[in-house]
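This note sets out points for a colleague to consider while inspecting the model. Please read it alongside the sequence and the coordinates.

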Amino acid sequence: MMCIDVCRTMGAKAMAANPSFSSGTAILACAAMAVLYVGMLYTPSLLFRLPPARTINEHYIRRFTCSVVASVLASGLCFWLLGSPIDMLRNGDLPAALAVLGIRRDHVATLYPLLLTALLYLGPLVMTALNTDERLEDEAKVEMGFIQGLFTRTRDNVISLTTDIFAWRNYIVGPLTEEWVFRACMVPVLLCAGYSQLKVMLLCPLYFGLAHLNHYWETVYPENRNHKIAALITGFRFAYTTIFGWYAAFLYLRTGHLVAPLVAHIFCNVMGLPAVGDALESPYNKGLGSFICLLNPATSPALYGYMPGQCLPTAS
């Protein structure tokens with residue numbers, strides 16, 4: 001069964017894939033990637049019997065290493081199932097193999113997804129920049145305050161990367177490895193197994209949300225919380241990670257670029273959960289309506305030289 005019909009008018013290389021795996025195999029493979037990603041975090045203590053980390057930095061450096069290893073193994077599983085990327089690597093065509101994971105150099109998918117995501121935070125960004133709840137009529141002052149506030153927040157977060165292990169977790173290692181496994185590796189496998197874009201967009205976030213359920217254990221024991229509170233915290237975490245996963249999968253499917261969900265992921269981690277209720281009441285925020293109106297135009301595949309639903313994205 002032919003999994004891809006590349007649009008030649010976009011200048012893409014002609015590729016075809018005949019995956020020899022079923023839809024059930026794809027589901028199990030994605031589940032294995034999710035279990036691998038989470039389980040790998042506990043291998044230092046459970047498998048290698050290493051003593052507990054002496055510092056928080058040592059703890060997270062171990063986890064960073066485990067996350068990277070899990071990402072490499074997930075890539076291997078993805079490539080093994082698809083077959084074609086392995087042939088590309090054997091032929092020395094690294095760009096084409098990386099394009100399967102959404103790493104493409106033919107188009108840039110950074111600005112529009114970033115600005116689109118920022119619309120969800122437009123109200124909080126403006127209010128933070130102005131540091132007041134009163135409406136200012138001086139539009140020049142509003143604009144300058146917004147720019148200065150955004151610059152200050154960005155500068156502080158960049159500086160924190162050099163010393164703050166949590167910044168490395170939230171803005172670099174976490175987003176990169178999670179998008180790599182739960183979008184770049186899972187989406188091509190599901191598409192090549194014959195799942196529609198809609199089903200892929202609904203399935204991948206469930207794996208992403210379930211992969212955060214390990215926080216229940218970590219909430220109960222290290223933090224000494226009771227089971228009811230742990231369940232509430234974990235349930236809330238599952239809900240918002242799944243919702244974000246839908247958006248991230250949508251960006252990936254529409255643009256064919258791993259960078260698109262990656263920049264959205266990093267930005268959301270920087271800003272935290274959007275205060276939608278307060279934002280709707282803010283006179284400065286038209287962000288949510290603009291986000292809804294621009295969601296499709298800003299992610300139009302034509303902007304990114306991509307044919308949506310391709311089993312194997314290609315590099316030109």
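This is a predicted model: local features need pLDDT of at least 70, side-chain atom pairs count only at pLDDT 80 or more; totals for chains, interfaces and linings use all residues.

1. Aromatic pairs. A pair of aromatic rings is described by the distance of the centres and the angle of the planes. Nine aromatic pairs are found when the whole structure is searched. In one of them, Tyr60 and Phe166, the ring centres are 5.4 Å apart and the planes lie at 70 degrees; an angle over 60 degrees counts as edge-to-face, so this pair is edge-to-face. Tyr60 is buried because its relative accessibility is 12%, under the 20% limit. Phe166, with a relative accessible area of 34%, is partly exposed.

2. Phe182 and Phe208 are both buried. Both residues also belong to a cluster in which ring pairs link Tyr37, Phe182, Phe208, Phe244, Tyr247 and Phe291.

3. Charges over rings. Arg183 is placed over the face of Phe208, at 4.6 Å from the ring centre. Elsewhere, Arg63 is placed over the face of Tyr42, at 5.2 Å from the ring centre.

4. Packing of helix 1 and helix 3. Two packed helices are described by the angle between their axes and the distance between the axes. How are helix 1 and helix 3 oriented to each other, roughly parallel or roughly antiparallel? The axes of helix 1 (residues 23-39) and helix 3 come within 9 Å and cross at roughly 165 degrees. Angles over 145 degrees count as roughly antiparallel, and helix 1 and helix 3 are therefore roughly antiparallel to each other. Their crossing is right-handed. On the side of helix 1, the contact is made by Thr25, Ala29, Ala32, Met33, Leu36 and Tyr37. On the side of helix 3, the residues include Ser67, Ala70, Leu73, Leu77, Cys78 and Leu81.

5. Glu178. This residue lies in helix 9. Glu178 has a relative accessible area of 13% and is therefore buried. Apart from neighbours within four places in sequence, Glu178 is in contact with Tyr37, Arg183, Phe208, His212 and His265. Its C-alpha atom is 9.6 Å from that of Ala34, a residue 144 places away along the chain.

6. Leu115. Helix 6 (residues 111-119) contains Leu115. Its relative accessibility of 47% makes Leu115 partly exposed. Leu115 and Phe267 are 152 residues apart in sequence, and their C-alpha atoms are 9.9 Å apart in space.

7. Arg49. Most residues other than glycine have a negative phi. Arg49 is not a glycine, yet it has a positive phi of about 55 degrees. Arg49 is located in the loop between helix 2 (43-46) and helix 3. Is Arg49 buried or exposed? Because its relative accessibility is 66%, Arg49 counts as exposed.

Technical notes. Residues are numbered from 1 along each chain as its sequence is written. Side-chain values use heavy atoms; hydrogens and water are left out. Rings of Phe, Tyr and Trp (its six-membered ring) pair if their centres lie within 6.5 Å; planes under 30 degrees apart count as stacked, over 60 as edge-to-face and the rest as tilted. Buried means under 20% relative accessible area, exposed over 50%, partly exposed in between (1.4 Å probe, protein chains only). A charge sits over a ring if NZ of Lys or CZ of Arg is within 6 Å of the ring centre and within 35 degrees of the ring normal. Axes are lines fitted to C-alpha atoms, for helices over the stretch in contact, and angles run from 0 to 180 degrees between N-to-C directions. Helices (H or I, at least four residues) and strands (E, at least two) are DSSP runs, numbered from the N terminus. Angles under 35 degrees count as roughly parallel, over 145 as roughly antiparallel, 65 to 115 as roughly perpendicular and the rest as oblique. A crossing is left-handed if the near helix is turned anticlockwise from the far one by less than a right angle, and right-handed if clockwise. Contact means heavy atoms within 4.5 Å.
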